[in-house]
Amino acid sequence: MSPGAAPPHIRMKMTQHPRLSLPFYRFSSFNTKGGKTHPRVARTRNRILDLWEEMASYATIAEELDISISTVVECIARAKRLKDPRADRPFRHRKIQIAEKRRREIRRLLDDGYRPREIAARLGISKRLVLLRMKETG
């Protein structure tokens with residue numbers, strides 16, 4: 001073995017790991033070579049914002065994507081600064097937000113011609129709730 005060379009078992013590990021074979025800036029969102037976001041980072045950001053728009057909590061998003069909660073918080077804060085519509089959420093209780101989303105979904109399915117029983121089965125709610133929401137909308 002030549003002086004300064006890594007032992008074979010360490011050399012093998014370094015070449016097997018994909019992140020070690022590329023420089024850091026290739027994975028950085030502040031890419032110094034071209035200023036473009038890495039596709040993996042862009043996919044993660046989009047997935048975070050999609051889950052946030054679906055009313056998922058910080059902890060749920062972090063657990064599903066296997067990332068830290070602080071990463072989720074920072075990504076959503078960044079999207080709010082950039083005025084991404086997926087990051088806007090009215091400041092209300094989560095259950096109210098979910099109920100409003102369900103109301104919109106019921107209205108959409110009614111407009112598409114579904115019957116109350118079909119809507120109830122599709123959304124996993126009672127037929128009575130669908131009938132109440134129909135009466136609300138008129």
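Select Arg47 to begin. Arg47 counts as partly exposed because its relative accessibility is 34%; buried means under 20% relative accessible area, exposed means over 50%, and partly exposed lies in between, with a 1.4 Å probe and protein chains only. Arg47 and Glu64 form a salt bridge, with the closest N and O atoms 2.9 Å apart. The term salt bridge stands for a side-chain nitrogen of Lys or Arg within 4 Å of a carboxyl oxygen of Asp or Glu. Arg47 sits in helix 2 and Glu64 in helix 3, 17 residues apart, and the pair links distant parts of the chain. Helices (H or I, at least four residues) and strands (E, at least two) are DSSP runs, numbered from the N terminus. Glu64 is also partly exposed, because its relative accessibility is 46%.

A word on the model before moving on. It is predicted: local features need pLDDT of at least 70, side-chain atom pairs count only at pLDDT 80 or more, and totals for chains, interfaces and linings use all residues. Residues are numbered from 1 along each chain as its sequence is written, and side-chain values use heavy atoms, with hydrogens and water left out.

**Stop: Arg86 and its partners**

Select Arg86. Where is Arg86 placed? Look in the loop between helix 4 (69-81) and helix 5 (94-111). The side chains of Asp50 and Arg86 meet in a salt bridge of 3.1 Å, N to O. Asp50 lies in helix 2 and Arg86 in that loop between helix 4 and helix 5, so the pair ties together parts 36 residues apart in sequence. Asp50 counts as partly exposed, because its relative accessibility is 27%.

Keep Arg86 and show Asn46. Their side chains are joined by a polar contact of 3.2 Å. A polar contact is a pair of N or O atoms within 3.5 Å; within protein, one must be able to donate a hydrogen and the other to accept it, and residues adjacent in sequence count only if both atoms are side-chain atoms. Now display the neighbours of Arg86. Leaving aside those within four places in sequence, Arg86 is in contact (heavy atoms within 4.5 Å) with Asn46, Leu49, Asp50, Trp52 and Glu53.

**Stop: the cores**

Which residues make up the largest nonpolar core? Select Ile48, Leu49, Leu51, Trp52, Ala56, Ile61, Ala62, Val72, Cys75, Ile76, Ala79 and Ala87, 12 residues in all. Helix 2 (39-53), helix 3 (58-65) and helix 4 are the elements that give two or more residues to this core. A second, separate core has seven residues, including Leu109, Ile119, Ala120 and Leu129. A nonpolar core is a set of buried Ala, Val, Leu, Ile, Met, Phe, Trp, Tyr and Cys residues joined through side-chain atoms within 4.5 Å. In soluble globular proteins, nonpolar side chains tend to be buried together.

Zoom on Ala56. Beyond its neighbours within four places in sequence, Ala56 is in contact with Leu51, Ile61, Arg89 and Arg94.

**Stop: two loop residues**

Select Met55, in the loop between helix 2 and helix 3. Met55 has a positive phi of about 75° although it is not a glycine. Is Met55 buried or exposed? Met55 is buried, because its relative accessible area is 10%.

Go to Lys83, in the loop between helix 4 and helix 5. Its phi is near 60°, again positive in a residue other than glycine. Lys83 counts as exposed, because its relative accessibility is 68%.

**Stop: helix 7**

Select Glu136 and Arg133. Their side chains meet in a salt bridge of 2.7 Å, N to O. The two are three residues apart in helix 7 (residues 127-137), so about one helical turn separates them. Glu136 is partly exposed at a relative accessible area of 48%, whereas Arg133 is buried at 18%.

**Zoom out**

Show the whole chain. The protein chain has seven helices and zero strands. Of its 138 residues, 22% count as buried. A search of the whole structure finds eight salt bridges.
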